[in-house]
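Welcome! Let's take a friendly walk through a protein model, one feature at a time.

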Amino acid sequence: MSQDIQGIAASDGIGIAPVYLLTPPDLSYQKRRIDDPVQEYQRVKQAFADSIEDLQQIKENAKQRLSDKELDVFDAHITILSDPEMLGQIQNEINDLRVNAEEAVSKVTGNFANMLAAMRDNKYMQERATDVRDIAQRTLSHLLGKKLPNLAAITEPVIVVAHELTPSDTSQMDPRLIKGIVTDTGGRTSHAAIMSRTLRIPAVVGTNVITEQVKNGQRMVVDGLSGHVIVDPSNTEINAYRQKAAGYSEQSAEWAQLVDAPSVSKDGKRFHITANIGTPDDVNDVIKQGAEGIGLFRSEFLYMGSDHLPTEDEQFEAYRRVIVNMQGKRVVVRTLDIGGDKPLPFLPLPREMNPFLGYRAIRICLDHPEIFKPQLRALIRASQYGPLSIMFPMIATIQELRKAKRIFNDCKQELQMKQPGIGDDIRLGMMIEIPLAAVNAEKMAREVDFFSIGTNDLIQYSFAADRGSDAVSYLYQPLNPAFLNLVRHIILAGHKYNIPVAMCGEMAGDKWALPLLMGMDLDNYSMSSSGVLRTRSMMKHLDTTECRHVVNDAITNCSTSQEVKSLVRNSLNIK
């Protein structure tokens, strides 16, 4: 009898193949006291050198399959293995405690990985613990003389099942043979999830139990569209999933025809679908997926990916590169949004009981013009190369907004003393992600050129529910009728003062929310680039007049998110 295991849908598609259970070698060891710390430390240095050589070879072999951005992870691992601080800590363990190399390496890397894994309010940093474990595992394998699994040696179609997948694992995968990926751990921002989308391999992560439930060779179906994993499927189930896979392939082919098409509803209303990015390297996929611009450039990733505060020139080059590569399509950059779930190691911030409600984003920037001004100057300089908009995050009051605008204008005036007119074409906007700003949207609209609704935080603050807490995840309700009414109020306020309204949170790419947002006349939908073509295809089958009736019905007559979802499904025949 088949077994259905639910996880997190991480990469679209359907995979059907036997299980390849990725079982790491036994890297257990005996802790022992050593007599010669110099010789023992030499073993560590040799294991680190061998690990670096491994990674360089893996990177070279992966160049044909992965982009420069994906290959960067190996350089990051090599950098860690070359870090004198880490080696120094391991040497101290050996010298001070007279322990063997295996114990010293495990303890130092384990402490670092545990520190990252404990950052529960920052999924990105939490999932980097996998990278550290990857390095530790590779080093231990050399110390113990044992080989790690080699996925490059797979010669038949399989579905890879693992507790977690490291960058070294995924870099060796051949998408022609790896038909799916399933893991116990991870979320949509985990390395396995990101790489599966890059390689276009269907994936389900975060099942918690998959490695305990399957054996090598068992037939499996991976449904990366819904997050379901079917173990030992019946012939009837296999046939049904083959039909679903064929339907998805046809749908993907239809989407591919829309790369250069405008985003238009069935009744001819024009919208804009743009993409969210974190680094300049993301632009290639944005262009490939046919986005009509960048609706959210999360500039903090330029800071989070650095070991120092990026200089004005470093930032200018990053912004210039993105603007040039977008070839005349507008780029919207969110100014630095740190704090909350995004700390910076080189910028100590006060420790707070609830950092999401504390010192973050625009609050930090207004207090630290020595950080804020270089970013604004870099953006103004980059605006010479194409259409640019700047938006300020976490604005709660008009006073904050006006202060941010004054600092921007000061920077512009400074630069215009040498280069008249620079920055005059920049549009200034704000994120609407705090309920007070949403309620006060009419007055806010008089102050800016555009709004962008950040639904991830607006939902979090409206429901008083930490979006990183599993215990209250049921309160993440973008379809809640009261929340929909708040979104409609923001859009109406923007349009009353003739400014466009965008949305750059997860809700913008949600298929159940799309008809409602179209019915509210939302102008711009910004999302992960992988969702652009799907959304454009869906949009062209929806009539805005019908959508308007549905959204009015949802807000007036529905009481729960589930009722709204049923209304959308039944009224517009959405599956």
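## A well-covered helix

Helix H22, which spans residues 532-539, is mostly covered, since seven of its eight residues are buried. Keep in mind as you look that this is a predicted model. The buried residues of H22 are Val 532, Leu 533, Thr 535, Arg 536, Ser 537, Met 538 and Met 539.

What do the buried residues of H22 pack against? Two of the partners are helices, namely H10 (235-256) and H21 (514-519). The others are strands: S9 (263-264), S10 (270-277) and S17 (524-527).

## Helices H1 and H6

Now turn to helix H1 (residues 37-62) and helix H6 (residues 129-144), which pack with their axes 9 Å apart and at an angle of about 120°.

Which residues meet here? From H1 come Arg 43, Val 44, Ala 47, Phe 48, Asp 50, Ser 51, Asp 54, Leu 55 and Ile 58, and from H6 come Arg 138, Thr 139, His 142 and Leu 143.

## Helices H23 and H24

Next, find helix H23 (residues 544-557) and helix H24 (residues 561-572). Their axes come within 10 Å and cross at roughly 155°. Angles over 145 degrees count as roughly antiparallel, and that is why H23 and H24 are described as roughly antiparallel to each other. The crossing of H23 and H24 is right-handed.

On the H23 side, the contact is made by Glu 546, Cys 547, Val 550, Asp 553, Ala 554 and Asn 557, while H24 brings Glu 563, Val 564, Leu 567, Val 568, Ser 571 and Leu 572. Seven of the residues in the contact of H23 with H24 are nonpolar, two are polar and three are charged.

## Rings that pair up

How many aromatic pairs does a search of the whole structure find? The search finds six. One of them joins Phe 297 and Tyr 319, whose ring centres are 5.9 Å apart with 75° between the planes, an edge-to-face arrangement. This pair links distant parts of the chain: Phe 297 sits in strand S11 (residues 294-298) and Tyr 319 in helix H13 (residues 312-325), 22 residues apart. Both Phe 297 and Tyr 319 are buried.

Another pair is made by Phe 463 and Phe 483. Their ring centres are 6.4 Å apart and their planes lie at 45°, so this pair is tilted. Phe 463 is in the loop between helix H19 (455-462) and helix H20 (481-496), whereas Phe 483 is in H20 itself, and the two are 20 residues apart. Are these residues buried or exposed? Phe 463 and Phe 483 are both buried.

## Two residues with positive phi

Most residues other than glycine have a negative phi. Arg 98 is not a glycine, yet it has a positive phi of about 55°. Arg 98 can be found in the loop between helix H3 (84-97) and helix H4 (101-117). With a relative accessible area of 30%, Arg 98 is partly exposed.

Asp 232 also has a positive phi of about 55° without being a glycine. Look for Asp 232 in the loop between strand S8 (228-231) and H10. Asp 232 has 35% relative accessibility and so counts as partly exposed.

Methods:
Residues are numbered from 1 along each chain as its sequence is written. This is a predicted model: local features need pLDDT of at least 70, side-chain atom pairs count only at pLDDT 80 or more; totals for chains, interfaces and linings use all residues. Side-chain values use heavy atoms; hydrogens and water are left out. Axes are lines fitted to C-alpha atoms, for helices over the stretch in contact, and angles run from 0 to 180 degrees between N-to-C directions. Helices (H or I, at least four residues) and strands (E, at least two) are DSSP runs, numbered from the N terminus. Contact means heavy atoms within 4.5 Å. Rings of Phe, Tyr and Trp (its six-membered ring) pair if their centres lie within 6.5 Å; planes under 30 degrees apart count as stacked, over 60 as edge-to-face and the rest as tilted. Buried means under 20% relative accessible area, exposed over 50%, partly exposed in between (1.4 Å probe, protein chains only). Angles under 35 degrees count as roughly parallel, over 145 as roughly antiparallel, 65 to 115 as roughly perpendicular and the rest as oblique. A crossing is left-handed if the near helix is turned anticlockwise from the far one by less than a right angle, and right-handed if clockwise. Ala, Val, Leu, Ile, Met, Phe, Trp, Tyr, Cys and Pro count as nonpolar, Asp, Glu, Lys and Arg as charged, and the others, Gly among them, as polar.
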